[in-house]
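Below is a single chain to be read alongside its sequence. The text after it goes from one element to the next.

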Amino acid sequence: MKVMCSVNPGHCTLIKFIFLLLIIIHLSLNTAESVWPLPQIFIPSPERYQLKPQSFSFGYRRYLDTKHSCSVLDAAFKRYFSILFPGYSYDEWVFENEVFTLTISLDRHDCEGYPNQDSSERYKLSVFAGQASLNAETVWGSLRGLETFSQLVYQDDLGSYYINKTEIEDYPQFNYRGILLDTSRHYLPVQAILKTLDAMAYSKFNVFHWHLVDDPSFPYQSHKFPDLSNKGAFHPVTHVYTQSDVRRVISYARMRGIRVLPEFDSPGHTKSWGKGQSELLTPCYRGATPSGTFGPVNPTLPSTYQFMLSLLKEVASVFPDPYIHLGGDEVDFSCWRSNPYIRAFMHKMGFGLDFSKLEAFYIEKIVNITSILRKTSIVWQDVFDYHERVRMHQQIYVWKQGCYLCEVRRVVKAGLRVILASPWYLDQPGPTHNWARYYNVWPLAFKGTEKQKSLVIGGEVCMWGEYVDATNLSPRLWPRASAAAERLWSNERQTSCVERAFPRLQEFRCKLLRRGIQAEPLYVGHCKHEYQTV
């Protein structure tokens, strides 16, 4: 842009100087505002302060001191120091007199537990001359604030680090912000899962929905039923998740404020279960003769529920989250219909030929088991669609395509809580630029009362595994999943414009690259720090 001057040269010089200053301020603000997802209240300033690795420190205040430190924050300090200053490692010793300190304070000390659905993630962040303060109600909120702080730091062309004066008050729009990974259709190495957890934390996701097992394979290694993985996994040694692997994932997620929600889907999607547990699945018939194939779990046998109680008891002891996902979707009734013993049982129970009632019978028994184990069940929307009795404390995943907001409205009118997944299926190949499709989702855009809308507790990005393994997991997820992350975290009115969001997402994608996440490009361009391991 050219500045045209029709006044004397002195005035022209002054105008050019002012114009240049405005450009610098504008660029400075743009650099400072490149935070994803966008905070609820964000007050930036052109005033900036230099940061140096050798004179930067983290500090504690209120409920946190040398006697009551926080392991979650101690680990986060080391992690984020390397993110703030790539190539440097965190050292508590500082060598310069002028130290820039980020001081953390918590309203309550909750460092020893696990995040849950009611955990507050609210925080306040203030950056001013020579210091910054981060106050949060819980340690999980402080982790979200640390992530925001890390995104505020930037480098100039000479490599010096800066941060602008900033005031932020932030909290999520929805408490549930999840990503589903399917480890049955393709086995995902533990390292790929951990890398996904890192990227989830960068985008402020807080639930890892682990779809552990399904028809193709049963990679979960059970202590009580070792044959489930010995016979049901793709390979009994190389393609299983040991108890140690599971504990590692849960611990890694906890340190990043992420819940781990296990799913053991039944009565359908269970072909791999039958390989290691005889008489669990229903024998299918051709006329009066068994065909040699098997269908869903057999809901008529007492042994079925004895097995499920033992398995879920183990699962409940391994996974600390108070919720277990029980599945309940896409049950094929044809095998049940072919089996004369199943039909006789249905006649005895008064179900007639309504096989959805048989499924409801099974689901209710499994839900009772989870209640005995002091866990709360989550199910796919099929359970709500086909069953008359759904427990009021259950959560319903809306996943089917079509008018998903119509389904959301039906569920909340029944007084049940909803997690929306339908618009965020990312497993199919597609151009990265369709991120706007996932950004322009409005979970509350249905007619309903405020109380009904409060029952929509969040949403989830689903990465099913038919065409996804460790080779393409990250680029298929990121940065498209980040579009959903902002929709679930940020204020809808402030994030309704795709054009305004694009440069921030483009900058965030570059941040992901620098942090080792293989995020696909959004369009033509380059990053100052490209992905290093190609």
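In β5, which residue is the bridge partner of Ile104? The partner is Leu134. Before following that pairing further, some conventions are needed. The model is predicted, so local features need pLDDT of at least 70, side-chain atom pairs count only at pLDDT 80 or more, and totals for chains, interfaces and linings use all residues. Numbering starts from 1 along each chain as its sequence is written, and side-chain values use heavy atoms, with hydrogens and water left out.

The chain has 18 helices and 17 strands, where helices (H or I, at least four residues) and strands (E, at least two) are DSSP runs numbered from the N terminus. The average pLDDT, which is the predictor's confidence in each residue on a scale from 0 to 100, is 90 for the chain, and 89% of the residues score at least 70. Over residues 1-32 pLDDT stays under 50, and the model has 18 contacts for that stretch beyond four places in sequence; a contact means heavy atoms within 4.5 Å.

Strand β2 (residues 56-61) runs parallel to β3 over six bridges, with Ser57 opposite Thr101. The pairing of β3 with strand β5 (residues 131-136) is also parallel and has six bridges. Six of the seven residues of β3 are buried, so the strand is largely enclosed by the rest of the structure. Buried means under 20% relative accessible area, exposed over 50%, and partly exposed in between (1.4 Å probe, protein chains only).

Helix α2 (residues 71-84) packs against this sheet region: its buried residues meet β2 and β3, and also α3 (139-152), β7 (161-170), α4 (190-202) and α6. Among those buried residues are Val72, Leu73, Phe77, Arg79 and Tyr80. The expected span of a helix is 1.5 Å times one less than its number of residues. For the 14 residues of α2 this gives 20 Å, and the end C-alpha atoms are 20 Å apart, which agrees.

Helix α6 (residues 243-254) contains Gln243. This residue is buried because its relative accessible area is 9%. Leaving aside neighbours within four places in sequence, Gln243 is in contact with Tyr220, Gln221, Ser222, His223, Glu314 and Val318. Lys271, in helix α7 (residues 271-276), counts as exposed because its relative accessibility is 52%. Not counting residues up to four places away, Lys271 touches Asp215 and Leu281. Lys271 and Ser217 are 54 residues apart in sequence, with their C-alpha atoms 8.1 Å apart in space.

Further along comes a closed barrel of eight strands, β8-β9-β10-β13-β14-β15-β16-β17, with parallel pairing. The twist averages 30 degrees from one strand to the next. Helix α13 (residues 404-413) lies across β15, β16 (417-420) and β17 (456-463), at about 160 degrees to β16. Axes here are lines fitted to C-alpha atoms, for helices over the stretch in contact, and angles run from 0 to 180 degrees between N-to-C directions.

For the chain as a whole, buried residues make up 55% of the 534 residues. Among contacts between residues at least 6 apart in sequence, 73% join residues at least 24 apart.

Definitions and conventions: Two strands pair if DSSP finds at least two bridges between them.
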